[in-house]
Amino acid sequence: AGGAAAAHGRGWPCECCAMDGTLRSSASSGLQEQQQLTVVIVGARGLRNADWSPFTDEKSDPYCICDIPGKRDFNIRTRVIDNTLDPTWNHEAFMRNWEPGDNLRFNVYDKDFGKSDDHLGTCTLLSSQFDHGGGFNGEVPLLEAGDGIRAYLNLRICFGKPMWGVDTLQQAAMANASFTETQVTSMKTRRRNFRLGIGNVAQGVTRQQFRDFIRTERDRTIFCATLPFTLVMACVFCMGAYMHGNVRSVSKLRRGIYRTIDEVYVSRELSDGTFAPDLTLSRVSNIGEMWDWVSDGLIPKLGRDPDRPGFLSSFNKIIGKVQLRQRRVDMSPCDSIGVDLSAYFGVDCRSDDASVAIFGPEPDPTTNFTQDVAFVSGGGLSNRLLDMADRYYAFLDVVPPVEGSLRARYLQHWSWCDEKTDWVEIHIALFNGEVRAFTHISVKFRFRDGGLVDKLLDVRPMVIPEWSLSLLLLDCLWMLLVLVLFLVTVQEVIDRKSAGRCCVRCCGDPWMVLDWGGTVVGLGIVLFFLLQWSGIQLLSEQLAELGNIELGGQPAWNATVAAHASYDEAVRDHETALATIVEGLRGAVELKSYHRIATFLYTFFILLRFFRGFLGQPYFASIGRTLAAAGQDLVHLAIMLGVAFENFVFSGCVFFGSGLKEWSSVNRAHRSALAFLSGLGDFASMYELYPIAATVWLFTFAVAVIFVSSNMLIAIIVDHFSEVRADLGQGEQNIFVQGRALLSDAVWTGSFHLRQIIRLMEARFPKLKIVLPYLDDEPVRVARIPFEVIIEALDPNCVDESADPLASLRNLNELAKDEEQLTVPLWAKGQPLWAPMQRDVLIACGCDESTADRLLSKCESIVAGKRPDNFPSDILYHEFEGQMRNSFEQLAATEDDLRKWLSERQIDCDNLEPRQRKLEALTVEKIMPRPQEDEPMLMPSPRQDGWDDDDGDDGGDDDGEVDAGGTLRQALEGPRSFAPGMLTG
């Protein structure tokens, strides 16, 4: 960037022509460059304050429009910068409709809401000023700027395709950092300030930041738009379900009836005059105790109300009689235990086949009484209730209760229940007019093998639907919402007609499957409700018919056979109608159960739709995406956990099932194991039965299932959550920021539609122009922002540009070969992620100018002060920091060696002077006398020891001695030339 700027200073036309030669040549090899006029509106200064007020500090909100005089089909419009008189737009675009000879006109306005924008100045740039190959770069004074106002507009004009300028690149790379002489020392401080947004936040945003922002906006637009509909549907559904179910009153009704039946007791006196514990439903253990509880407890409780006989708990009227039904099985020899054991056992065993044989008392031929139908299969009702032909029916009258008790004792006397009885059910139908509810009571005694008697009490109320005006409106609104959901889902299928196969079009998206499921369940709820309502209407008609049946008095014992037959026929009709009502009520209650199940499932549908809407909020979406990303790991963990859990369940069932009821079956073993997971298991009973085995089982269960699995679950979730949060980028927004954005978007969109309405009224009614404000024409906005096209344009051309800078260019060259098949212009994709985001990219992707400015402004306000992940200066700092750290580590490794070597050299230097002085002393004292002060240096002194230098003897030995002596003296003369202390210095 600096090199390009220097080139511009030496006479280059402008930044967009001063790009690096290598990059230009590489790009031009794959992209055919089109010569078009590029206009860069840098900024303005000295503008008039059109928003001045003595009560506020507001300033103008300027924006600039560039067009060609006489051509209205295209113009360039910058974004609005709020509250400034010296705006910096750095807006770069090419003028598509420019032709040689055309002038350029620039107008600066102040953006106002609710009125026409104020004009801040205009200027015209003649064609001759830039159409000479060198372009234009400089400031132009603005005309009509206001009285006494000197305003200027900074422009740059060149030829070439729109690319980011050098100063803009430098701005993005350095983030407006104010470099000083201490650039390296202040690098870390500047990086910290940039992260915190102090003083050096870049104007505008990078492509990476805008890409993260537009992905968040896409999710918010797609998913958050479903939240209002989901919220309305949830409110309407919950209110309607609560009001229709009459939940509070029905809950009180059920608890009252259940407590009344469950607390029925019978006092028992023993033969010795003492009393045994009261017999309650939970204490029934055989057939005899069952008859005692029914005849002496239940029947008197149902009919012994002196004020209201035939009522239970004051307001619950008993419909007809109490119905008893049983299933009997055939007896067969116990062949499975062998012949010897079977002979020793001496009693037949019960089979699984139902018995339909007649049993009980035989008709007395001396009287006119017929066979008691309670001992006949079907109870005389099989001709009308064919599906009950293998059941035996008996009816107990509760008004007066004495007759019911006597009838129960009669059945006990003739062994209506014996060893062939598989189970006995007692059915009671009630009606409560105060709560407007029917109630079906079922008490079931099941006689198990081994003598165990299982008791089950079931009380199920069912409210009669009642429509008030408010409830009717709620129902209509909810059905309308279900219909809207169905139509929206069908519309999505129609929009996907290019998807190919029908299954992909209809169910290619999980959220579409959810919508289909919600529609089906919603229609099922409506269908169940209509069936229930029709069943209650039919039940009401049957009750009316039951009241019209006249039984009359029972004939005397000696009456004719015809009289007894007529009476028996009337009784059969009455009991058949009663059985039909009980079965109808039972079926309606079962249908109500399915209706409740569908309602329960619908709550999950609403919950998932809320989760769908939460995907538009980054923080909420991170939770759902974490579960989705961790799904594979969670499935494998669930398999391991399931295998371990089932192993402990079956081992507990096998080991403790014979001694503890809680482990006596597979279902109970599962419930007991789940109780241990929640800390509610009964370990004391297990320990009392098998201490060591119970301890080992609990310890291994806690380690394998609880500790290890729970920690693995937490580790998986945390690991994937950190990855998901890292992928959010810089477009993350909390719920409060998004709430403000939603309100702002609503105001922005609403104001546009309001202005459109005003323009339409001015066009239809010209006389209203006097009253209505004047509004300038503005372009039509797009109906839907092309998020996918924008994201495709901003996607990187390679995975990692820093690893291979030329990979992006190579990919662009490949894309250039099929440029016609691209949905976005090629020039919009050929930019790095850290390059500044351009408004023309959004316009090329299908946005209008107002929407593009709006998106850029929102993105800049959200990502302001955040550090891009691949910011060049930050990467440079980290590389520099890493290299310096490596150098410091190498220096630290050699520190000890350097200290040791320097200490040794210090010792040598300290020993050098004593050694030199000792050598000098030896030279002076032992070898030669000290020279005179006036003798010349490096000259031997006269011989004083009998040696003669002028001796003419040419003997080899003498010559050698002389030469050796002279050489020695010359060698020893050296120390004389040094002054004392010179070696020390």
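Asp 219 is buried, as is Arg 218, where buried stands for under 20% relative accessible area, exposed for over 50% and partly exposed for values in between (1.4 Å probe, protein chains only). These two residues form a salt bridge, with 3.4 Å between the closest N and O atoms; the term applies to a side-chain nitrogen of Lys or Arg within 4 Å of a carboxyl oxygen of Asp or Glu. The model is predicted, so local features need pLDDT of at least 70 and side-chain atom pairs count only at pLDDT 80 or more, while totals for chains, interfaces and linings use all residues. Residues are numbered from 1 along each chain as its sequence is written, and side-chain values use heavy atoms, with hydrogens and water left out.

In total, the structure holds 34 salt bridges. Another of them pairs Asp 422 with Arg 327, the closest N and O atoms being 2.9 Å apart. This pair links distant parts of the chain, with Asp 422 in strand E16 (residues 421–432) and Arg 327 in strand E13 (residues 322–332), 95 residues apart; strands (E, at least two residues) and helices (H or I, at least four) are DSSP runs numbered from the N terminus. Asp 422 has a relative accessible area of 13% and is therefore buried, and Arg 327, at 17%, counts as buried too.

A further salt bridge joins Arg 899 to Glu 895, with the closest N and O atoms 3.3 Å apart. Both residues lie in helix H27 (residues 895–927), and because they are four residues apart, about one helical turn separates them. Arg 899 is exposed, with a relative accessible area of 55%, whereas Glu 895 is partly exposed at 36%. Salt bridges that share partners also join Glu 217, Arg 220, Asp 745, Arg 854 and Lys 858 into one network.

Turning to the aromatic side chains, the structure holds 30 aromatic pairs. Rings of Phe, Tyr and Trp (its six-membered ring) pair if their centres lie within 6.5 Å, and planes under 30 degrees apart count as stacked, over 60 as edge-to-face and the rest as tilted. The ring centres of Trp 478 and Tyr 602 are 5.6 Å apart and their planes stand at 70°, so this pair is edge-to-face. Trp 478 belongs to helix H11 (residues 469–495) and Tyr 602 to helix H14 (residues 561–614), so the pair ties together parts that are 124 residues apart in sequence. Both Trp 478 and Tyr 602 are buried. Tyr 602 also forms a tilted pair with Phe 605, at 5.1 Å centre to centre and 50° between the planes. Within helix H14, Tyr 602 and Phe 605 are three residues apart, about one turn of the helix, and Phe 605 is buried, like Tyr 602. Elsewhere, one aromatic cluster includes Phe 645, Trp 663, Tyr 690 and Phe 701.

Helix H14 also holds Phe 604, which is partly exposed with a relative accessible area of 41%. Patches are made of residues with over 30% relative accessible area and no salt bridge, with like charges joined within 9 Å and nonpolar side chains (Val, Leu, Ile, Met, Phe, Trp, Tyr) within 5 Å. A surface patch of positive charge gathers Arg 248, Lys 252, Arg 255 and Arg 259. Arg 248 lies in helix H7 (residues 247–262) and counts as exposed at 58% relative accessibility.

Conventions:
Areas by Shrake-Rupley, 256 points an atom, 1.4 Å probe, with all protein chains shown as cover. Lys, Arg positive; Asp, Glu negative; His and termini not counted. Charge placed at Lys NZ, Arg CZ, Asp CG, Glu CD.
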